[in-house]
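The sequence and the model come next.

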Amino acid sequence: MSERSPYLKDSADSSAFRTRILFHLKYSIGKKLSQASGDDLFRAVSLAVRELIIDGMFDTSEKYDKSDPKRAYILSLEYLTGRALSNNLINLGAYGMCADALKSLGIDLSDIAETEVDPALGNGGLGRLVACFLDSIATLRLPGFGYGINYDYGIFRQTIVNGSQVEQPDHWLGEESPWLIERADDLCVVPIYGRVKIEKDTSGNYRPFWRDWKFLYGVPYDMPVVGYGTGTVNYLRLYSARSSNEFDMKIFNSGDYMKAVEQKMTSETISKVLYPSDTVEQGKELRVIQEYFLAACAVRDIVRRFSEGRSGFGSFPAKVAIQLNDTHPALAIAELMRILVDENGIPWNSAWQITESTFGFTNHTLLPEAMEKWPVSLLERVIPRHLEIIYGINDRFLRKIKSRWPDSVDRMRRMSLVEEGHAKQIRMAHLSIVGSHSVNGVAALHSELIKTDLVPDFYELWPEKFNNKTNGITQRRWLLICNPGLSELIDGTVGDEWVTDLYKLKALEPYADDAGFRADFMDVKRRNKEALSGLIQKMTKIAVDPESLFDVQIKRIHEYKRQLLNIMHIIHQYFSIVEDGKDLPVPRTYIFAGKAAPGYWAAKQIIKLINGVASVINADPKVKGQIKVVFMPDYRVTLAEKIIPVADLSEQISTAGKEASGTGNMKLALNGALTIGTMDGANIEIREEVGEDNIFIFGLRAEEIKELKHSHSYNPSQICAANPNLKRVMDSFESDVFCRDEPGLFKWIYEYLVLNGDVYFNVADFEPYRETQALAGAEYKKPGEWARKAILNVARMGKFSSDRTISEYAGDIWNVGPQDG
């Protein structure tokens with residue numbers, strides 16, 4: 001791979017880059033080299049790298065201005081970009097040059113890179129997926145950009161106190177990020193609140209006018225997105241909320257100084273925290289305002305860019321594609337309609353045709369509780385004109401339904417954008433579907449369940465809208481950067497073309513039977529495990545054995561993801577050792593990481609349980625070191641990059657039919673972990689690619705669960721009574737063995753699983769899971785065969801590159817092509 005940046009035009013060696021680093025250290029940071037901290041050096045290096053990136057941004061912008069291509073825009077409430085320094089250097093082809101420049105100063109680049117703070121702009125897979133997408137868009141030379149919110153605090157920094165999750169502020173913007181470029185000239189004005197009045201326009205016609213609104217400022221910051229080896233530098237545009245100075249001064253000058261300050265603070269709260277709790281009315285209002293703020297800023301900016309040098313909107317869908325990353329930005333549909341109809345006088349039907357042709361919608365969930373609905377009363381107060389537009393969309397849509405199915409009142413009720421009831425609500429998923437020309441799921445099973453279970457009425461009406469785009473990951477971050485040892489081994493064996501064409505890993509297949517390559521492959525894994533063992537000791541004070549099987553479940557804590565099933569099996573293994581006198585086939589280290597939403601009591605209790613079980617097992621001498629249980633706090637991209645390369649077994653054990661896709665399963669398999677999982681999400685397609693002999697599949701299928709629910713024949717109490725191993729685990733929840741200092745703490749789990757129906761079928765899948773775990777343990781005892789299976793997993797992951805996913809979005813939905821030159 002290239003080690004020369006096209007933007008360091010005068011460098012035959014690293015001396016020019018060293019000069020730029022020292023320049024920024026002295027003149028931008030204000031420090032001598034002898035005074036500089038690690039953070040000072042990181043910022044100086046980053047500013048030197050930013051020079052190269054900005055050259056790339058200018059070149060890319062000029063290229064797009066010249067060719068005037070159709071552009072794609074992704075709107076997402078969250079992004080998990082991870083650290084940028086190493087990623088940018090590698091994609092620029094300047095990593096070796098920078099390392100040499102720093103080495104000449106007696107500094108190690110890897111030490112500097114470790115000081116960078118993860119941008120706290122997301123929570124889980126949704127945010128990480130779209131970050132992968134932006135990387136692929138730039139690498140494929142596509143004119144594509146992201147829009148989001150520039151959160152000051154992100155979601156939260158997780159600490160563990162007495163086994164419980166404690167949320168701390170994650171003020172990642174404590175110092176200004178070197179990767180954020182303020183674009184104050186592109187500031188957006190966002191109207192909010194007020195009322196709608198019917199008045200005469202200049203032509204004498206009566207129409208609605210939005211009056212008495214207040215307004216916010218959206219200040220954009222661009223985070224560059226560097227394509228790998230292409231010279232393309234796109235960007236992610238993030239908006240910070242600011243109050244209106246004019247409005248504040250009016251209050252201030254009237255003498256109400258405290259109210260003026262309060263107004264400013266309230267306005268700027270909008271971009272403070274990701275996902276404020278919506279369990280209280282103020283939290284709901286803030287969530288709605290956040291979603292509207294993103295939609296309004298993004299659409300306003302897109303329209304501004306489109307309108308430069310153009311008159312009219314007839315070519316808007318030919319030049320603009322907007323992808324909604326889940327329902328959070330759905331208000332963008334109403335906002336574009338408002339701009340077209342209210343501000344530009346375009347007739348409703350023409351405006352609607354433009355809007356529907358512009359938007360695509362990606363659904364990311366099958367969970368009913370995750371399908372956003374907002375009270376009509378709230379929208380009426382916050383964005384009254386948008387509510388009227390949504391009513392107008394719904395009225396025309398229901399007329400369409402009535403003409404197709406004139407006698408089906410129930411169908412109209414099911415499909416309406418407005419959910420009737422004691423308090424009317426707007427269904428944001430329905431708005432997204434109606435207002436988009438494409439609706440896609442993110443794995444084959446997920447896309448089918450959208451059509452058959454989630455919104456079958458909409459599929460019957462518009463089968464042509466629905467399609468599948470199986471998720472993918474960028475191999476640049478999730479192999480090249482996070483696992484350099486394995487990357488170097490692959491490069492030396494089959495070359496480095498896999499970095500931009502993951503299907504090239506197929507060439508590794510013959511080496512799965514090569515004893516020498518298998519030994520080298522497992523040696524890389526062992527060195528990674530030794531490194532993580534040191535980090536685990538540092539973070540948790542728990543000593544783990546690098547020779548043990550590392551069994552990893554790292555993801556957001558949620559009941560459907562079934563961390564509970566995993567810990568149930570660990571408890572079973574513990575009892576089999578200390579009560580039954582059995583030995584495990586191989587020692588195990590169980591690694592958990594993930595955050596629970598602050599208001600999600602059950603998920604936080606599961607974290608407490610994991611740590612309670614860990615404290616008992618890790619301290620029990622009768623275990624003889626056969627099991628260690630570790631919960632690594634504050635899961636984020638940087639921690640994932642350290643855990644993923646060590647995994648032997650990847651836990652993907654969600655209840656079948658609940659996980660949309662998953663991308664952790666792809667990252668772990670790409671790094672040589674074998675998957676133990678259900679037939680859910682992308683597990684199904686991973687099984688198809690790697691082969692059923694190289695994955696451990698267990699448990700009920702989605703259709704079997706659906707039948708059990710339909711027939712009401714699932715009886716967890718009966719299953720427990722018939723299975724002594726399972727009963728012993730359930731009895732431990734009723735006792736205080738894992739909560740001696742807090743008696744009765746986990747009794748709810750027994751009641752939840754045995755007496756109250758076990759919503760996520762943990763009891764039903766326990767025995768198949770136990771049997772499959774035993775099979776995995778037996779397989780790990782055969783290191784040559786295990787290595788062979790792990791290598792085949794790596795070799796057969798070509799399909800799961802986000803490059804492939806984005807190529808499908810670009811060709812099938814956006815109609816956007818690469819821009820060369």
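How many cavities of 30 Å³ or more does a search of the whole structure find? The search finds four. This is a predicted model, in which local features need pLDDT of at least 70 and side-chain atom pairs count only at pLDDT 80 or more, while totals for chains, interfaces and linings use all residues. Residues are numbered from 1 along each chain as its sequence is written, and side-chain values use heavy atoms, with hydrogens and water left out.

**Strand β1**

Helices (H or I, at least four residues) and strands (E, at least two) are DSSP runs, numbered from the N terminus. Strand β1 covers residues 71–75, and five of its five residues are buried, so β1 is largely enclosed by the rest of the structure. Buried means under 20% relative accessible area, with a 1.4 Å probe and protein chains only. R71, Y73 and L75 point one way from β1, and A72 and I74 point the other way.

Two strands pair if DSSP finds at least two bridges between them. β1 runs parallel to β11 (residues 320–325), to which five bridges join it, and R71 stands opposite V320 there. Four bridges pair β1 with β2 (residues 144–149), also in the parallel sense; here L75 stands opposite Y147.

**Cavities and a pocket**

On a 1 Å grid over the protein atoms alone, a cavity is a set of points where a 1.4 Å probe fits but cannot get out, and a pocket is an open set with protein on both sides within 12 Å along at least five of seven lines; lining residues have an atom within 4 Å of a point. A volume is the space filled by probe spheres set on the points, which are joined across faces, edges and corners.

| Space | Volume |
|---|---|
| Largest cavity | About 270 Å³ |
| Second largest cavity | About 50 Å³ |
| Second largest pocket | About 890 Å³ |

The largest cavity is lined by 20 residues, and T81, N87, P224, V225 and R477 lie nearest its centre. Helices α3 (85–92) and α6 (125–139) and strand β9 (214–226) each supply at least two residues of this lining.

I74 of β1 is one of the residues lining the second largest cavity, as are Q323, L324 and N325. At least two lining residues come from each of α6, β11 and α33 (802–814).

The second largest pocket is lined by 32 residues, with E114, I481, C482, P484 and K642 nearest its centre. Helix α21 gives the most to this lining, with six residues.

Key. Buried < 20%, exposed > 50% of the residue type's maximum accessible area, 1.4 Å probe, protein only.
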